[in-house]
Amino acid sequence: NLLTAQGGRVFPGWRVLDAGDGRAGVFGLTGAGAACVGCAVADPAVAAREAVEALQGEGCHLIVGLVQQKNDEAAALAATVPGIDFLLLSGDGVPDRVPQLVGETWLLRATTRGRQITDLRITFSGDASGFYSAELTAKALAERAANEARIQKTESRLSEVETPIEAARHERTLARMLSLGDRLALADLSPDRRHSLTLSKVQLDESVQEHLEIAEMVSEAVA
């Protein structure tokens with residue numbers, strides 16, 4: 001969605017890749033607030049909708065967005081533009097302990113300074129739709145239970161505070177916890193009629209050599 005002064009694209013808007021027996025569509029977006037010298041940043045939602053429609057028209061089984069946005073901006077994009085399977089986020093933001101799910105779109109954030117590689121593997125199952133991970137759903141359920149316990153404790157403390165400053169501090173903490181609860185929709189997923197996925201992270205140090213496929217990709221990327 002970076003445009004020249006004449007209105008043309010600075011980079012191609014999307015690309016189709018062979019992925020086993022299927023096709024994967026990938027598109028890139030820059031956040032609306034990004035600084036761009038000598039170019040303009042088009043509305044990310046408009047550009048994403050155009051990319052998704054084009055990639056669906058080319059028969060892609062999987063659609064992935066590479067997006068430079070904050071978590072709340074990416075969540076709003078996923079809610080506005082259906083049809084995106086995964087949004088891989090970069091830029092400002094802290095990776096969630098459990099991926100955020102907005103509708104059927106998974107939000108995954110890259111770590112800072114390229115210190116990790118996320119290994120995402122998908123097994124397609126017939127005419128299923130959407131994705132499911134037993135491990136990540138279990139983590140989301142555990143995180144939800146722990147968060148609800150923290151909410152109860154904070155609400156109890158809030159009822160006992162004696163000063164406005166203390167009350168304001170506890171209210172901010174409570175708001176963060178409630179926001180986290182809204183991001184744990186993954187806990188409600190059922191495996192019925194869903195493709196399966198696994199997600200793991202590999203540190204970019206000596207341990208990466210234990211993962212031959214990833215080590216090969218890293219070598220090719222830095223060559």
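**Exercise 1. Find which residue of β11 Arg-121 stands opposite, and place the strands in their sheet.**

Solution. 
- Step 1. Arg-121 stands opposite Thr-198 in β11. This is a predicted model: local features need pLDDT of at least 70, side-chain atom pairs count only at pLDDT 80 or more, and totals for chains, interfaces and linings use all residues. Residues are numbered from 1 along each chain as its sequence is written, and side-chain values use heavy atoms, with hydrogens and water left out.
- Step 2. Strands β9 and β11 run antiparallel and are joined by eight bridges. Two strands pair if DSSP finds at least two bridges between them. Strands (E, at least two residues) and helices (H or I, at least four) are DSSP runs, numbered from the N terminus.
- Step 3. The order β9-β11-β10 makes an open sheet of three strands with mixed pairing.
- Step 4. β9 (116–123) and β10 are at the edges. Each has a single partner strand, so one side of each lacks a neighbour in the sheet.

**Exercise 2. Describe the β-α-β unit made by β5, α2 and β6, and say which strand pairings involve β6.**

Solution. 
- Step 1. β5 (residues 62–68) and β6 run parallel, with five bridges between them. Gln-68 stands opposite Ser-90 in β6.

**Exercise 3. Decide which residues of α2 are buried and what covers them.**

Solution. 
- Step 1. Apply the cut-offs: buried is under 20% relative accessible area, exposed over 50%, partly exposed in between (1.4 Å probe, protein chains only).
- Step 2. In α2 (residues 71–80), the buried residues are Asn-71, Ala-74, Ala-75, Leu-77 and Ala-78.
- Step 3. They cover an arc of only 160 degrees around the axis, so they are on the same side of α2. The arc is that of the directions from the helix axis to the C-beta atoms.
- Step 4. Asp-72 and Ala-79 are exposed on the other side.
- Step 5. The cover over the buried residues includes β3 (22–30), α1 (44–57), β6, β7 (100–102) and β8 (105–109).

**Exercise 4. Classify the aromatic pairs of Phe-131 with Phe-86 and with Phe-124.**

Solution. 
- Step 1. Rings of Phe, Tyr and Trp (its six-membered ring) pair if their centres lie within 6.5 Å. Planes under 30 degrees apart count as stacked, over 60 as edge-to-face and the rest as tilted. The structure holds three such pairs.
- Step 2. Phe-86 and Phe-131 have ring centres 5.1 Å apart and planes at 45 degrees, so this pair is tilted.
- Step 3. The pair links distant parts of the chain, 45 residues apart: Phe-86 is in β6 (residues 86–90), Phe-131 in β10 (residues 131–132). Both are buried.
- Step 4. For Phe-124 and Phe-131 the centres are 6.4 Å apart and the planes at 65 degrees, so this pair is edge-to-face. Phe-124 is partly exposed, at 41% relative accessibility.
- Step 5. Phe-86, Trp-106, Phe-124 and Phe-131 form one aromatic cluster.

**Exercise 5. Is Thr-154 buried or exposed? Which residues does Thr-154 touch?**

Solution. 
- Step 1. Thr-154 lies in helix α3 (residues 134–158).
- Step 2. Its relative accessibility is 5%, so Thr-154 counts as buried.
- Step 3. Not counting residues up to four places away in sequence, Thr-154 touches His-170, Thr-173, Leu-174 and Met-177. Contact means heavy atoms within 4.5 Å.

Key
A crossover is right-handed if, with the strands pointing away from the viewer, the path from the first strand over the helix to the second runs clockwise.
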